[in-house]
Protein chains: 4
Amino acid sequence: MAYRARLKVRFGDIDQAGVVYYPRFLHYFHVAMEELFTAEVGLDYARVLLEHRFALPAVHLEVDFRRPLRYGDVIDVDVRVVRVGRASVEWRYAVHRLEGPEPVATGRVVTAGIDLDSFASREVPDWLRDALERHVDPPQA
Amino acid sequence: MAYRARLKVRFGDIDQAGVVYYPRFLHYFHVAMEELFTAEVGLDYARVLLEHRFALPAVHLEVDFRRPLRYGDVIDVDVRVVRVGRASVEWRYAVHRLEGPEPVATGRVVTAGIDLDSFASREVPDWLRDALERHVDPPQA
Amino acid sequence: MAYRARLKVRFGDIDQAGVVYYPRFLHYFHVAMEELFTAEVGLDYARVLLEHRFALPAVHLEVDFRRPLRYGDVIDVDVRVVRVGRASVEWRYAVHRLEGPEPVATGRVVTAGIDLDSFASREVPDWLRDALERHVDPPQA
Amino acid sequence: MAYRARLKVRFGDIDQAGVVYYPRFLHYFHVAMEELFTAEVGLDYARVLLEHRFALPAVHLEVDFRRPLRYGDVIDVDVRVVRVGRASVEWRYAVHRLEGPEPVATGRVVTAGIDLDSFASREVPDWLRDALERHVDPPQA
């Protein structure tokens, strides 16, 4: 089951083509992941980093941009955990505009568990694994 | 043959983990593409948009993040045209730090030719096709 | 009376010093102004631009940064209209963290009314003047 | 005497009004300051932070935006040190387009010396004071 974060396209998100600058979608994805931590893990991602010294940087991503987003669009960013590995977590994202059923963008991001101080690989802590696995939602075909 | 743009990681590019925020790599890719237009196509991408009303938004991207980038790193962003389709262009990117032979990130971006006013699909104009095809460099295995 | 927008400091808002990158405060100001349009003017700033072809770019700003903002901080951005001129609007901003009464940043921004197509000076339309003047709140000493 | 950094307005710097998003000017200022450190202080600002644990966050800024910047503009950002205090440095900025003598934006930024670990006030180190004072250029009337 996806966690849904509602966001608004902002004035400064727009590029010279009059649509959302494509790196900004990755920012939307990250904000949605942050919201999932707060709402579903019960611990801000800020505290995961600053207190637990654990982070999940992206190591691989794929994104399909299907329709442009424009200034004023209100969007739902659905974020799903699709796999919790030993030291990695895989996420899927889908962005929808409120008006219209079809996704404007979909993405897959693989993140690696690391120690924030050494940047060495680090296993997903059990408390986080438990929280994330409750939300595991295998990708549809 | 790749076009190489030299960039610097800036103070504001860094995130809470102390490394370059991952959407920022996509910005680096775009800046390198802009530089390729200026240097190799002989026409700023700004003029392609504003005068020719033609744009190449990303419709698909894949990125592998292999090593973190840190503040102060000087990077070379290699951008290669790997295919010029009827109404699309495919690009490959590789980011290297000056110190160290191994890429910190590699990416593939497929862009679609559109009319900037209608956002409808539009063929790559001949003058641009000619300029880009001189740089086509099929991907290595 | 100020309009209050609640925002969260995001992972990517942080700079190498571990605090919010200072240009990002200006983005927070703009987001709060956008929210004021939606909530108090009753028309998204997006529609003011795209339909009425009227915009209010900043021509002067002053900001005092009093305390750093950190990742995970939840903030209230208070935005007040302090003067509606013939073809200008002056705004005051104050950013507070939820924990702590003292402002982390305060700002004053003067915006100029322009025609979005010509960028020539343009009077604040009556419907907007009326809506903004209901919120005029002269600055305290 | 000002240090001059040449920058280009990038595709993603543009906002819905078709001009550079105003917080982006502050980023340009910071990039110019970073370049001054590299070229004139002889030490990257990155190393000042990461090795000397000294930082100069903005505590006050004033900016006048006189003309819009557009995509494709090449700009010179002049940065001048106008005062080196005990634990502060004041900077002036002026942004010019290559085409046209008149500034598009001017700014004044006061930065405070801090210890990067404690964020407590810290005196400007002598080696930095010496380097910056060689460039002190009192503001013209």
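Over all chains, the whole structure holds 72 salt bridges, each a side-chain nitrogen of Lys or Arg within 4 Å of a carboxyl oxygen of Asp or Glu. The model is predicted: local features need pLDDT of at least 70, side-chain atom pairs count only at pLDDT 80 or more, and totals for chains, interfaces and linings use all residues. Side-chain values use heavy atoms, without hydrogens and water; residues are numbered from 1 along each chain as its sequence is written, and chains are lettered from A in the order in which they are written.

- Side chains of opposite charge can pair when their charged atoms come close.
- Arg67(B) and Glu102(B) form one such bridge, with 2.1 Å between the closest N and O atoms.
- Arg67(B) sits in the loop between β3 and β4 (74–84) of chain B, and Glu102(B) in the loop between β5 (88–97) and β6 (103–112) of chain B, so the pair ties together parts 35 residues apart in sequence.

**Fold of chain A**
- Chain A has three helices and seven strands. Helices (H or I, at least four residues) and strands (E, at least two) are DSSP runs, numbered from the N terminus.
- Their order from the N terminus is β-α-α-β-β-β-β-β-β-α.
- The radius of gyration of chain A is 15 Å, close to the 14 Å that the globule rule gives for 141 residues, so chain A is as compact as a globular protein of that length. The radius is taken over C-alpha atoms, and the rule is 2.2 Å times the number of residues to the power 0.38.
- Along the principal axes, the C-alpha atoms of chain A fill a box of roughly 40 × 30 × 25 Å.

**Interface of chains A and B**
- Chain A gives 24 residues to the contact and chain B gives 24 residues; contact means heavy atoms within 4.5 Å.
- The buried area is about 2,300 Å², with 65% from carbon and sulfur atoms. Buried area is the accessible area (1.4 Å probe) that two parts lose on being put together, summed over both.
- On the chain A side, Tyr22(A), Leu61(A) and Phe119(A) lose the most area to chain B, together 25% of what that side buries.
- There are zero salt bridges between chain A and chain B.
- Polar contacts join 12 residue pairs, both residues at pLDDT 80 or more. A polar contact is a pair of N or O atoms within 3.5 Å; within protein, one must be able to donate a hydrogen and the other to accept it, and residues adjacent in sequence count only if both atoms are side-chain atoms.
- α1 (22–41), α2 (45–50) and β3 (58–65) of chain A each give two or more residues to this side. β3(A) gives the largest share, eight residues.

**Strand pairing across A and B**
- β3(A) runs antiparallel to strand β3 (residues 58–65) of chain B, joined by five bridges. Strands pair if DSSP finds at least two bridges between them.
- Leu61(A) has Val63(B), in β3(B), as its bridge partner.

**Interface of chains C and B**
- Nine residues from chain C meet nine residues from chain B.
- About 850 Å² is buried, 67% of it from carbon and sulfur atoms.
- Chain C and chain B share zero salt bridges and two residue pairs in polar contact.
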